[in-house]
Amino acid sequence: MSLQQTITRVAAELGRPALVEDHRRSVVAYSPHPDEIDEVRRRSILEHRADPAVHSWLSRLGVYAATSAVRVPGNPELGMLPRVCVPIGRSGIVFGHLWFIEPAEHARPLDLARASASAELVAEEWARVRMSLEGESAREDELARELMLGRAEVRRAAAAELVESGRFESGLLRAYVLSPGAPASGRGPAAESLERAARRARQALGGRGVLAFARRDHAVVVVPSATGRFADTDRIAGVVAESAAEAFGASTGAPRVAVGGEASVVAARESYREARRALGIAASFRLAPRVLHWDRLGVYRGLDSAAAAGLRSGDFQPGLERLAAERDGDVLIETLASYLAAAGHVQTAAARLGVHRTSLYNRLNRAQRILGIDLDDGLDRLGVHISLLLRAVEATGDGDPAAG
């Protein structure tokens with residue numbers, strides 16, 4: 001019997017809608033319910049976790065600290081009917097809670113002894129499922145690594161097993177790569193935190209087909225694409241980032257998440273490589289966003305490819321080093337970069353630099369004379385802009401991050 005079947009049977013025997021949530025307040029299973037369920041249950045099922053306001057209120061009541069079944073009063077402001085809450089656990093360790101709604105029309109309140117006995121049944125089934133999932137999870141970790149890192153024949157075999165198992169019914173996926181705010185090395189605390197972040201992200205996302213594993217300096221979460229709740233890439237990236245923040249705590253800076261492009265299961269490594277390249281591009285061009293989408297990097301992708309192919313800034317506009325060698329060379333280069341980033345809008349560039357427009361014009365005129373260009377000429381402007389951007393890549397000295 002599955003956990004879902006167990007909770008359905010318990011709800012039918014006790015005549016109450018029932019729901020199971022784990023220690024993170026994520027919904028694990030719930031029974032079929034009549035239309036008159038309250039708004040709190042409806043939102044929990046739709047969002048797969050408890051509302052933070054509800055969780056805060058219940059915590060203040062001491063519900064989560066209870067060691068036996070307790071009655072919880074209704075809260076009209078939160079749209080919540082009265083409930084019975086029963087802790088689920090083994091050997092004194094609580095790993096979830098069983099909830100029963102107590103609709104007002106029921107003349108006889110739910111018997112707490114029967115509710116506690118039902119929680120024992122749920123705990124037994126949950127423990128069995130967890131043991132089974134641990135073995136399955138280990139195999140999924142192995143498959144994820146093979147899919148992303150293995151030789152061609154190994155990747156094909158892993159893809160075939162994943163598709164046959166039904167984990168990726170759409171045949172499409174995306175890779176989400178998590179980079180910590182501080183470097184991770186060896187088997188120290190940071191590397192262990194990456195492993196915890198990968199596990200937490202997989203658990204938080206739930207759903208069949210979510211894979212995750214950690215490497216020395218990053219973690220990878222593989223998610224089905226173009227299906228239901230997995231279609232919102234911003235939401236998924238947020239879950240991965242939140243899982244990392246929980247795993248690392250205050251020991252590191254804000255994590256960064258990169259989202260690879262959509263790929264078939266067979267071509268999964270491409271999505272992984274794109275996500276890793278996105279992280280490298282962000283470092284090279286000093287991009288600020290904490291969430292990076294390969295599909296949204298635009299011209300930076302082309303510039304990164306040009307740098308990887310060996311093209312240099314001087315191939316597009318010679319003379320930048322001569323400009324940099326001027327006494328105020330750094331100022332002139334910063335002025336050019338700000339002006340071009342503002343699409344030639346003088347007022348915007350001057351405001352960003354904190355100077356008067358006259359000063360901006362004087363700097364631009366000097367830069368044009370030294371470089372021998374005309375910023376009113378579209379090709380000259382394009383050439384120097386590409387050259388400045390490639391110069392930033394050369395300054396970092398970064399290689400292809402996906403090569404490791």
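## Cavity

The lining of the largest cavity divides into 12 nonpolar residues, one polar and four charged. In this classification Ala, Val, Leu, Ile, Met, Phe, Trp, Tyr, Cys and Pro are nonpolar, Asp, Glu, Lys and Arg are charged, and the others, Gly among them, are polar. The structure is a predicted model, in which local features need pLDDT of at least 70 and side-chain atom pairs count only at pLDDT 80 or more, while totals for chains, interfaces and linings use all residues. Residues are numbered from 1 along each chain as its sequence is written, and side-chain values use heavy atoms, with hydrogens and water left out.

Searching the whole structure gives one cavity of 30 Å³ or more. A cavity here is a set of points, on a 1 Å grid over the protein atoms alone, where a 1.4 Å probe fits but cannot get out; lining residues have an atom within 4 Å of a point. The volume of the largest cavity is about 170 Å³, a volume being the space filled by probe spheres set on the points, with grid points joined across faces, edges and corners. Its lining consists of 17 residues, and L19, V40, S44, R83 and W99 lie nearest the centre. Two or more lining residues come from each of β1, α2, α3 (52–61) and β5. Helices (H or I, at least four residues) and strands (E, at least two) are DSSP runs numbered from the N terminus.

## Sheet and its helices

Five strands form an open sheet in the order β2-β1-β5-β4-β3, with antiparallel pairing; two strands pair if DSSP finds at least two bridges between them. The edges are held by β2 (27–30) and β3 (70–72), each with a single partner strand, so one side of each has no neighbour in the sheet. On average, neighbouring strands are turned by 25 degrees against each other, direction ignored. Strand β1 (residues 18–22) is joined to β2 by three bridges, and the two run antiparallel. Within these strands, V20 stands opposite A29 in β2.

Helix α1 (residues 3–14) lies across β1, β2 and β5 (93–101) and runs at about 50 degrees to β2. Helix α2 (residues 39–47) also packs on the sheet, where it touches β1, β2, β4 (83–90) and β5, and its direction makes about 115 degrees with that of β2. Axes are lines fitted to C-alpha atoms, for helices over the stretch in contact, and angles run from 0 to 180 degrees between N-to-C directions. Contact means heavy atoms within 4.5 Å.

## Helix pairs

Helix α8 (residues 268–285) packs against α9 at an angle of about 90 degrees, with the axes 10 Å apart. The two helices are therefore roughly perpendicular, the term for angles of 65 to 115 degrees; under 35 counts as roughly parallel, over 145 as roughly antiparallel and the rest as oblique. R277, I281 and F285 in α8 meet Y300, R301, L303, D304 and S305 in α9. This contact has four nonpolar residues, one polar and three charged.

The axes of α12 (residues 346–353) and α13 (residues 357–371) come within 9 Å and cross at roughly 100 degrees, which makes α12 roughly perpendicular to α13. From α12, V346, Q347, A349, A350 and L353 meet R357, L360, Y361 and R363 of α13. The contact of α12 with α13 comprises six nonpolar, one polar and two charged residues.

## Second largest pocket

A pocket is an open set of grid points with protein on both sides within 12 Å along at least five of seven lines. The second largest pocket has a volume of about 590 Å³. Of the 20 residues that line the second largest pocket, A337, A341, H385, L388 and L389 lie nearest its centre. Two or more lining residues come from each of α9 (299–308), α11 (329–341) and α14 (378–396). The largest share, eight residues, belongs to α14. By class, the lining has 14 nonpolar, two polar and four charged residues.
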